Amino acid sequence: MKVDLHCHSLASDGALAPAQVLRRAHANGVQMLALTDHDTVAGVPEAAETAKALGMRFVAGIEVSSQWSGVGIHVVGLAIDPDNEILKAALDEQSRKREQRGVEIGRRLAKLGFEDCYEGAKKIAGDSELGRPHFARYLVNQGYVENHGSAFDKYLGAGKVGDVKSQWPELDEVVSWIHAAGGYAVLAHPDKYKLTRMKLKRLLTDFKAAGGDAIEVVSGTQNRDITGYFTRLCEEFDLYASCGSDFHNPNTQWCDLGKVDPLPKSCRPVWQLFC
Ligand code: MN
Ligand code: MN
Ligand code: MN
C-alpha cells in the first residue's frame, strides 16, 4: 500500500488547494493520505470530501510547531478530530501569537524606514499563517533588498532586527493537544533538526515521556543509513513508524506526493493505530 502521511496545501504554505493535493496523490497511486498543514486544520474538510469521491483512504492531520530545549520541533498529529475544542482553542491562541509577532516585526522594520511591512506581508500571506518568509518577499517586492536570501541575512535571520522570538508551545503541550483531539503524535522529519545523536536521543526520551506515539522514520526519499538508524530508534524507544513526503509544491520534483521510500519491514506502521 502506498502511504503518504505528511503534506501541505494552500491552507498553510503549500501551493495546491486541498482538493488538488488529493487528486495529485491519487494520480500518483497513493492509497492513504494525511493532509498535515502547519498549525491549521482548515484544509481538512475539503480534503476529506475529495478523498471520499476518489475512494481514497484519508487521515485528518496537522503539523504543529513546538519547541524543545530551544530547538524548533515539528510534531505531526494523525487521525485527529479537527473539530475538537481543545485543539481548536490551542491553535487559535497560536495564531493570535503569530499575529502579534508579525506586528512586532513590522514595527521594528518601520524603525529602519521600511514602511507598511506588516500590511504588505499580511497581503502576501493571504490565508496562510504569517511568517518571516512573507516579510522577506515584501522587502524584495519593494526593492528594499535584492532577494529572499539577503532579506534574511540583513534583516530577518537569526540575531537580526526582525528576528522576533516566536513563542512556540512546548513539545509536551503539543503532544497533549493532539491526544486531546483523539490523534497520534509523530515526531516529524527527525533528520531536519541537525541534532547530535545524543541530543536526538534526549529528544526522543522526552517525546516518549510526553506520550509521543511515532517517529517519521521515512521523510521523502532519504539515505538508507538514516532510515536504518531511525528504525533502530523506534525499537529502542518503543515507538511506531510513520512516513511522508512533506510535499509542498509540484515544482519541486524530488519531493512529490507518494514519493516516499517504503518503511522497513521491522517497523510497526503508525496506521496500525487507526486503521
Ligand atoms: Mn512548510
Ligand atoms: Mn516540518
Ligand atoms: Mn511539513
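User: What spacing along the chain do the donors of the manganese ion (ligand 3) follow?
Analyst: In this predicted model, His-6 (NE2), His-8 (NE2), Glu-63 (OE) and Asp-246 (OD) coordinate the manganese ion (ligand 3). Their distances run from 2.1 to 2.2 Å. Read along the chain, these donors give the spacing H-x1-H-x54-E-x182-D.

User: How many residues apart in sequence are the parts that His-8 and Asp-246 tie together?
Analyst: Both residues coordinate the manganese ion (ligand 3). His-8 sits in the loop between strand S1 (3-4) and helix H1 (18-27). Asp-246 sits in the segment after strand S7 (240-244), so the pair ties together parts 238 residues apart in sequence.

User: Where in the chain do His-74 and His-189 lie, and how many residues apart are they?
Analyst: His-74 belongs to strand S4 (residues 71-78). His-189 is in the loop between strand S5 (184-187) and helix H8 (197-209). The pair links distant parts of the chain, 115 residues apart.

User: Which residues are the protein donors of the manganese ion (ligand 1)?
Analyst: The sequence spacing here is D-x24-H-x209-H. The donors lie 2.1 to 2.2 Å from the ion. They are Asp-13 (OD), His-38 (NE2) and His-248 (NE2).

User: How many residues apart are His-38 and His-248?
Analyst: These two are donors of the manganese ion (ligand 1). His-38 is in the loop between strand S2 (32-35) and helix H2 (44-54). His-248 is in the segment after S7. The separation is 210 residues.

User: What distance separates the manganese ion (ligand 3) from the manganese ion (ligand 1)?
Analyst: Take the manganese ion (ligand 1) as the reference point. From there to the manganese ion (ligand 2) is 5.7 Å. To the manganese ion (ligand 3), the distance is 4.7 Å.

User: What area is buried between domain 1 and domain 2?
Analyst: The domain assignment gives domain 1 (3-90 + 170-273) and domain 2 (93-156). The contact takes nine residues from domain 1 and six residues from domain 2. Carbon and sulfur atoms give 41% of the buried area. That area is about 460 Å².

User: Which residues of domain 1 lose the most area to domain 2?
Analyst: The side of domain 1 that touches domain 2 has five nonpolar, three polar and one charged residue. Three residues together make up 51% of what that side buries. They are Ser-12, Asp-39 and Ala-90.

User: Which residue forms a salt bridge with Asp-39?
Analyst: Side chains of opposite charge can pair when their charged atoms come close. The interface of domain 1 and domain 2 holds one salt bridge. In the Asp-39 pair the closest N and O atoms are 3.3 Å apart, which is within the 4 Å limit. The partner is Arg-98.

User: How many residues apart are Asp-256 and Arg-24?
Analyst: The structure holds 12 salt bridges. One of them joins Asp-256 and Arg-24, with the closest N and O atoms 2.9 Å apart. Asp-256 is in the segment after S7 and Arg-24 in helix H1. The two are 232 residues apart.

Methods. Residues numbered from 1 in each chain as written. Chains lettered and ligands numbered in written order. Predicted model: local features only at pLDDT ≥ 70, side-chain atom pairs only at ≥ 80, totals over all residues. Heavy atoms only, no water. Domains from an automatic or database assignment. Contact = heavy atoms within 4.5 Å. Buried area = accessible area lost by both parts, 1.4 Å probe. Salt bridge = Lys/Arg side-chain N within 4 Å of Asp/Glu carboxyl O. Nonpolar A, V, L, I, M, F, W, Y, C, P; charged D, E, K, R; others polar. Donors = N, O, S within 2.8 Å, 3.2 Å for Na, K, Ca; no water. Helix = DSSP H or I, 4+ residues; strand = E, 2+ residues; numbered from the N terminus.
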